[in-house]
Amino acid sequence: MKKFNEKIPNFVVNSTKNIALISSVILFPFLVVDVIQGQYLIAAGIAALMSLYVLAAYRCHRGKYSLKLSLFGIAPVITVLSIYSLYKLGISASFWSFAAVFVLYFALPLRLAASINVVFIIIVTPFAYKVMPSNEFSRFFLVLIGTSGFLFMCVREIYSQNRLLIKLSFTDALTGLKNRATLTDALLHAININQRYRTPMTILMIDIDNFKTINDLYGHITGDNTLKSIATLMRDNFREPDTLYRIGGEEFLVVLHDTPAESAQPIAERFRLAVENASLIANHKVTVSIGVCELTVEKSPQKWISLCDKRLYRAKAQGRNRIVCM
Ligand SMILES: Nc1nc2c(ncn2[C@@H]2O[C@H](COP(=O)(O)OP(=O)(O)OP(=O)(O)O)[C@@H](O)[C@H]2O)c(=O)[nH]1
């Protein structure tokens with residue numbers, strides 16, 4: 001359950017909060033009317049549901065979405081309330097079933113919401129059949145199924161767009177490498193692994209030499225193509241668990257997992273040579289300078305990057321097209 005909870009996207013937290021608040025407000029007049037009309041059990045159910053909604057809204061407002069509250073609180077209370085209202089009030093209470101389907105889709109993760117919806121429809125159907133003339137029942141049933149299916153497709157689309165947006169926000173549009181947004185988290189993760197398992201971690205900062213000259217001599221399109229080619233060379237030269245970033249204009253970073261500085265040095269050198277020999281631009285040698293820095297006592301992402309940046313700067317100062325490891 002905890003593992004599942006971690007995957008819940010932000011928009012579910014927000015939609016749960018908003019739906020819970022709006023539903024509480026909408027339910028209030030019904031609570032009053034049911035009390036006045038002596039429908040105490042329905043009124044009690046509405047009061048219980050409102051309390052759950054307020055609790056869910058409060059938790060979501062604090063950023064603590066509770067799957068248990070939606071799954072074991074809101075979903076069963078909504079189901080029982082819908083059935084009991086149908087049983088007591090007849091056809092006039094049937095519209096609550098549509099509201100229930102809607103709330104379930106927006107207050108639960110998609111797959112769970114779809115399963116709970118199926119269960120909800122299976123449970124509600126016989127009660128609806130009992131209280132409705134067959135003509136009305138078939139319409140109710142078909143529209144309920146249609147609403148559930150339609151909502152499933154809409155919410156699935158929201159999930160897919162949400163995933164795409166998250167991916168795009170972490171990706172550099174030109175090269176397809178990761179952008180700077182996740183770098184600090186990735187370095188913190190590397191630091192945690194290093195501290196817990198003593199796994200050596202090294203970063204490489206890679207900067208294209210005299211890139212301004214490339215832009216000036218051959219134009220920005222060639223400059224952009226050079227950046228893309230460097231990204232391709234990085235993908236070809238580094239292995240799978242290593243993570244590749246474009247962190248600035250012509251600056252790249254690689255996190256080498258389980259790699260001490262002694263092993264990182266030949267890896268960096270191999271990449272430097274790969275760029276030098278790649279003939280990226282006709283009659284123009286493209287080269288890179290690389291700073292290499294193993295995580296040692298500087299256990300903060302900023303200090304780690306800053307130390308590596310100093311080494312990169314020294315590689316530039318010493319004449320470019322070289323690596324500096326200390
Ligand atoms: N084509 C292109 N150029 C870019 C992009 N981002 C940054 N630049 C250019 O990259 C150049 C970087 O120039 P500098 O910071 O002077 O560095 P450099 O010319 O590589 O010199 P050294 O790093 O000292 O070797 C600038 O001219 C930027 O305009 C981009 O996305 N595409």
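1. A residue is called buried here if 20 or more other C-beta atoms lie within 10 Å of its own, exposed if 12 or fewer, and partly exposed in between. The structure is a predicted model. In helix α3, the buried residues are Ile42, Gly45, Ile46, Leu49, Met50, Leu52, Tyr53, Ala56 and Cys60. Looking down the axis of α3, these buried residues fall within an arc of 165°, so they line one face of the helix.

2. Helix α3 itself covers residues 40–61, which is 22 residues. From its first C-alpha to its last it reaches 31 Å, close to the 32 Å expected at 1.5 Å a residue. The cover over the buried residues of α3 includes α2 (10–36) and α4 (67–89). Just after α3 comes Gly63, with a positive phi of about 80°.

3. On the overall form: the protein has 12 helices and 5 strands. Its radius of gyration is 29 Å, whereas the globule rule gives 20 Å for 326 residues; the value is well over the rule, so the protein is more spread out than a compact globule. Taken along the principal axes, the C-alpha atoms fill a box of roughly 90 × 40 × 25 Å.

4. Of the 326 residues in the protein, 32% are buried. Among contacts between residues at least 6 apart in sequence, 66% join residues at least 24 apart.

5. Which residues come nearest to the ligand? Of the 16 residues around the ligand, they are Asp209, Phe211, Lys212, Gly223 and Gly249. The elements giving two or more residues to this shell are β1 (202–208), α9 (211–218) and α10. Helix α10 supplies the largest share, 4 residues. By type, the shell divides into 4 nonpolar, 5 polar and 7 charged residues.

6. Helix α10 also holds Asn237. Is Asn237 buried, exposed or partly exposed? Asn237 has 18 C-beta neighbours inside 10 Å and therefore counts as partly exposed. Leaving aside neighbours within four places in sequence, Asn237 is in contact with Arg270, Phe271 and Ala274. Asn237 and Ala274 are 37 residues apart along the chain, and their C-alpha atoms are separated by 8.2 Å.

7. Pro241 sits in the loop between α10 (220–237) and β2 (243–246). Pro241 is exposed, because 10 other C-beta atoms lie within 10 Å and the cut-off for exposed is 12 or fewer. Between the C-alpha atoms of Pro241 and Phe95, 146 residues apart along the chain, the separation is 53 Å.

8. Two backbone angles are worth checking. Most residues other than glycine have a negative phi. Arg198 is not a glycine, yet its phi is positive, about 60°. Arg198 belongs to the loop between α8 (183–197) and β1. With 7 other C-beta atoms within 10 Å, Arg198 is exposed.

9. Ser279 is another residue other than glycine with a positive phi, in this case near 50°. The loop that holds Ser279 runs between α11 (261–276) and β4 (288–294). Ser279 has 11 C-beta neighbours inside 10 Å, so it counts as exposed.

Note on methods: Residues numbered from 1 in each chain as written. Predicted model: local features only at pLDDT ≥ 70, side-chain atom pairs only at ≥ 80, totals over all residues. Expected span 1.5 Å × (residues − 1). Arc of directions from axis to C-beta. Contact = placed C-beta atoms within 7 Å. Rg over C-alpha atoms; globule rule 2.2 N^0.38 Å. Near = placed C-beta within 6 Å. Nonpolar A, V, L, I, M, F, W, Y, C, P; charged D, E, K, R; others polar.
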